[in-house]
Amino acid sequence: MIKNYQTPPLEKKISELYQSHNIIEPSHLSIELLAKKFNVWIHYHNKKSKGIEVSNGVYSMFLDNRLSEESQRLEFFHELCHLLRHAGNQLLMPEQFTKAQEIEADRFIFYAAIPFFMIEKISLPSNRAEAIGYLSREFKVPLNFAKKRFEQIEDRIRQGLYLSTFKYISASEETLCESTEGSNNSTYGFGSETRIQAYYNWDGDCSRPEILIIEPPEGFDWDKPLDVEVDRNYESCDLPSHISREFATVLTGDLSIPSRRGYVTINLSRVAWRHGTAVSRLYLPMEAIEDAINF
């Protein structure tokens, strides 16, 4: 059953990161050891937990000493995600991305606190309640958190069983990843090489992405509108760790709905007015599309 577990991209990255630092057993997941591995200086105070980047690759984290040790552990993983993946000037980041980063940090906790690659090496009790209790004790997390992680794993295994039963679905995923880099990424006026990827909240509504990321091969023609197909299954990608001046977020006011069903039109001149013409990548939140449709 375990072999059918479907590993999301974020969890895969965490597993690779852990193993590259020889973090391979539950006993290696202590705050002290992980802080040492990732150059994080830990401080305890009676305020809300927070992490800051002191210099490139060196961090400080302030943990709330009013919390229990188990809760401090979860706070540590949440802040660790921000430090390792989201460090930078968050004040320059649109609300859509700060919200998405918080969602990612919440998901990071589950994968970092109870990594599946470690569970694979454990002989869990066959009784479900006993297995959850074992995970809580072994990984030193609250029982309700262990229960949620166990349920998450069950869902991923069921998903894997479904995909393995219908092999053509699994085969189509590989074809899809290849095709989205070519003809499936075509957008009106930009040819077949335009690259569009999608960021999914894998623990939320996986039926649609949260953000579409658009990157044409030779830059944008800022004098022309851009039609983007929004109902296609695009290749998934991780949330970017930071937003630079080369990136621009598309707002609801930048969009119009053409007669062409399943498409939205981006007014590139409006984007250029806000961000300039050095932008090489657009981020199109699905919320902006929905707002434009329902306006």
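Glu-215 and Arg-281 bring their side chains together in a salt bridge, with N and O 3.2 Å apart; the term stands for a side-chain nitrogen of Lys or Arg within 4 Å of a carboxyl oxygen of Asp or Glu. Because Glu-215 sits in strand β5 (residues 211–215) and Arg-281 in strand β11 (residues 281–285), the pair ties together parts that are 66 residues apart in sequence. Helices (H or I, at least four residues) and strands (E, at least two) are DSSP runs, numbered from the N terminus. Glu-215 is partly exposed at a relative accessible area of 27%, and Arg-281 is partly exposed at 23%. Here buried means under 20% relative accessible area, exposed over 50%, and partly exposed in between (1.4 Å probe, protein chains only).

A word on the basis: this is a predicted model, where local features need pLDDT of at least 70 and side-chain atom pairs count only at pLDDT 80 or more, while totals for chains, interfaces and linings use all residues. Residues are numbered from 1 along each chain as its sequence is written, and side-chain values use heavy atoms, leaving out hydrogens and water.

How many salt bridges does the structure hold? There are eleven. In one of them, Arg-128 pairs with Glu-151, the closest N and O atoms lying 3.8 Å apart. This pair links distant parts of the chain, 23 residues apart: Arg-128 in helix α6 (residues 128–139) and Glu-151 in helix α7 (residues 143–165).

Finally, turn to Asp-64, whose salt bridge with Arg-66 has its closest N and O atoms 2.8 Å apart. Asp-64 is buried at 8% relative accessibility, whereas Arg-66 is exposed at 57%.
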